[in-house]
Amino acid sequence: MRKLGIVAALVALLFTLASPADAQVKQVYWASSGFFGPFPINALIPSVPKEKQRDVTIPVSMWIIDHPKGLIVFDTGNNNAVSDGKCKSHWAAGNCDMLKPSQKREDVIDSQLKKVGYSADQVKAVITSHAHLDHIGNIKMFPKAVHVIQKKELYQAWWPEKFQRDGGVFVVGDFDGPARDFNYLELNGDYDLFGDGSVTVLSTPGHTLGHQSVRVKLASGKTMVMTQDAVWMQENMDGYPAGLNYSIKDYSDSITRLKMIRDLENAEMYYGHDQEQWKAGGGKWYK
Ligand SMILES: [Zn+2]
């Protein structure tokens, strides 16, 4: 009897460990803050060889994550001011001319939330992958949310390295003023957002000093990793590094880490700016 009791306890424990309690995300929506392009791929990834060069029009990925404990937005795209052809009112002219953002007002994160049945006020946490202009653009639309970002990324946003200071990829207007007093969860590495393993912030530096990605475990059992700019697009996975990096060593280490997660956890990876991936799965719910 006693042995049976122990067996029953072990079986119960196994069920507890494997229960969907650690996979509570109901659904995830992939949105885009308009598009960049078209431009030659080697404008972004100079190492792409001639025979693989092509023109690309790329998404500016943002994610809406629906968890029972609260709604999450992962990246807020280009600032609203860039919408409807007004890029040069907010970004350096050179970035407008090169990136050619096509964002319309309805592409902005608050409109995207409305489109799928939510309001910006309902968002409990905003995770920002990094402080570049196409990822942190609209954090000011979420004054009541917890803002999840690596502490190092905040340092870098406010005082970029000299070699990155003049290009205008950090737009101080995106995170100054009221955003100074936001409720920041300042991270130093990975973080399990709801304490249940379902939404994990993964430290993936290199593209910037404090870049981070997100892993989501859906109730269905599917695991998704949203890399944002740790991996722009498939070419980076194929060994052609991005042309804009804080540290190429950290960038390569982060790609290796993400490939390990993909292979060991059987995860699906979604890149920040991949034309083909977006065509196949953008503007959709994942369950
Ligand atoms: Zn980007």
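**Note on the fold and its cavities**

1. The protein chain exposes about 13,000 Å², and carbon and sulfur atoms supply 57% of it (Shrake-Rupley method, 1.4 Å probe). This is a predicted model: local features need pLDDT of at least 70, side-chain atom pairs count only at pLDDT 80 or more, and totals for chains, interfaces and linings use all residues. Residues are numbered from 1 along each chain as its sequence is written, and side-chain values use heavy atoms, leaving out hydrogens and water.

2. Of the 287 residues in the protein chain, 53% are buried (under 20% relative accessible area, 1.4 Å probe, protein chains only).

3. The C-alpha atoms fill a box of roughly 80 × 45 × 35 Å along the principal axes.

4. The structure holds two cavities of 30 Å³ or more. A cavity is a set of points on a 1 Å grid over the protein atoms alone where a 1.4 Å probe fits but cannot get out; lining residues have an atom within 4 Å of a point. Volume is the space filled by probe spheres set on the points, which are joined across faces, edges and corners.

5. The largest cavity has a volume of about 50 Å³. Its lining includes Ala120, Asp121, Phe142 and Lys144.

6. The second largest cavity holds about 40 Å³. Among its lining residues are Val126, Thr128, His147 and Tyr184.

Technical notes. 1 Å grid on protein atoms, 1.4 Å probe; cavity = no way out; pocket = protein on both sides within 12 Å on 5 of 7 lines; lining within 4 Å. Buried < 20%, exposed > 50% of the residue type's maximum accessible area, 1.4 Å probe, protein only.
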